[in-house]
Amino acid sequence: MKVIFAGTPDFARAALAALLQAGHPVPLVLTQPDRPAGRGMKLQPSPVKQLAQQQAIALAQPRSLRLDGKYPEDAAAAQAAIAAAQADVMVVAAYGLILPQWVLEAPRLGCLNIHASLLPRWRGAAPIHRAIEAGDSATGITIMQMDAGLDTGDMLLRQSLPITAQDNTAALHDRLAALGGQLIVQALAEAAQGRLTAQPQPQEGISYAHKIDKAEAAIDWSAPAALIERRIRAFDPFPGASTSVAGPAGVEILKIWRSQIDSCVPLPDADKAEKGQILAVSDAGLRVACGAGSSLLLTELQRAGGKRLAARELLRGFALQPGMVLGRTSPPQHP
């Protein structure tokens with residue numbers, strides 16, 4: 001089956017690789033324009049573009065697909081390329097541009113989307129992060145027939161995947177990307193045999209995975225420890241959960257990469273501690289007071305400009321002590 005592929009990040013690259021390995025001809029790939037990245041902020045091709053170039057596949061990188069939008073020349077060029085490809089179907093995975101109706105109707109079988117959730121739960125931009133943050137026990141991949149709505153199309157295939165208590169977004173992303181590749185290959189095989197059936201999404205259980213904002217990175221220590229622990233995993237690798245620590249030398253930002261729910265016997269007066277206060281320091285980590293009378297053990301941290309370190313290694317060069325309060329934006333006042 002001849003496939004046009006539209007996608008941008010590593011999640012999409014895995015799907016494109018699976019389609020190519022399965023032998024589907026891909027005459028055209030659409031991906032986002034190159035973006036500045038890295039310390040030098042040089043223009044970098046997307047992971048999908050890199051794979052397409054390696055396979056000598058024709059590329060289109062329109063800034064928009066709206067013929068009546070800001071970049072009509074880009075949309076017109078993309079329209080011509082799509083028409084010339086004469087594909088049976090377009091497969092879309094984390095592309096990043098809204099597809100107008102003319103795109104949805106261009107291929108014979110329309111556009112199929114690989115979505116990283118069990119729809120209708122977690123429609124939207126950040127389904128992997130939000131599933132971990134919410135404490136979901138499972139997520140998965142839905143292959144969907146795209147329509148004009150936001151992830152509202154009929155479901156074609158759906159397969160679940162457990163979320164473990166250790167999963168961060170990076171680990172879960174990779175498993176879902178591999179599953180997405182497997183399912184889209186299966187979907188095209190069933191479509192070729194006329195065995196692919198569409199099922200409308202239920203109206204119950206709809207939720208939206210809003211895009212991750214960098215402002216969410218700052219830890220709110222008044223939240224329960226369980227929620228903070230999930231957010232730390234959800235925001236790894238981006239944007240990375242962070243907190244400030246104020247000492248005599250000024251305020252410093254720490255990234256928190258790993259933590260665990262503290263099961264220790266409560267320390268004396270721990271319930272009276274200020275939220276964010278360091279209750280104890282050991283080789284195991286920093287024990288920090290959180291909301292609802294809970295505490296969290298921080299086990300992997302990173303100073304600005306430094307590397308991720310286990311707590312015991314970080315403490316060798318950074319004097320964090322009980323009584324210090326994380327989240328403060330000014331040094332403590334001494335009488």
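The model before you is predicted.

With that term in hand, consider Leu150, which sits in the loop joining strand S9 (138-145) to strand S10 (155-162). Together with Ile206 and Tyr208, Leu150 makes up a nonpolar surface patch, and the three share about 260 Å² of accessible area.

I turn now to charged side chains. Side chains of opposite charge can pair when their charged atoms come close. In this model, the count of salt bridges is 15.

One of them joins Arg63 and Glu73, with 3.1 Å between the closest N and O atoms. Arg63 belongs to the loop between strand S5 (58-60) and helix H3 (72-85), while Glu73 is in helix H3, 10 residues apart. Arg63 is partly exposed at 41% relative accessible area, and Glu73 is partly exposed at 46%.

Next, helix H7 (residues 225-234) holds both Glu229 and Arg233, four residues apart, or about one turn of the helix. Their side chains form a salt bridge of 2.8 Å, N to O. Are these two residues buried or exposed? Glu229 counts as buried, at 11% relative accessibility, and Arg233 is buried at 12%.

A further salt bridge, 2.9 Å from N to O, connects Asp236 with Arg308. Asp236 is in the loop between H7 and strand S12 (241-247) and Arg308 in the loop between strand S16 (295-303) and strand S17 (309-310), so the pair ties together parts 72 residues apart in sequence. Asp236 is buried, at 4% relative accessible area, whereas Arg308 is partly exposed, at 37%.

Finally, a network of salt bridges links Arg130, Glu133, Glu216 and Arg231.

Methods
Residues are numbered from 1 along each chain as its sequence is written. This is a predicted model: local features need pLDDT of at least 70, side-chain atom pairs count only at pLDDT 80 or more; totals for chains, interfaces and linings use all residues. Side-chain values use heavy atoms; hydrogens and water are left out. Patches are made of residues with over 30% relative accessible area and no salt bridge: like charges are joined within 9 Å, nonpolar side chains (Val, Leu, Ile, Met, Phe, Trp, Tyr) within 5 Å. Accessible areas come from the Shrake-Rupley method with a 1.4 Å probe; for residues, only the protein chains shown count as cover. A salt bridge is a side-chain nitrogen of Lys or Arg within 4 Å of a carboxyl oxygen of Asp or Glu. Helices (H or I, at least four residues) and strands (E, at least two) are DSSP runs, numbered from the N terminus. Buried means under 20% relative accessible area, exposed over 50%, partly exposed in between (1.4 Å probe, protein chains only).
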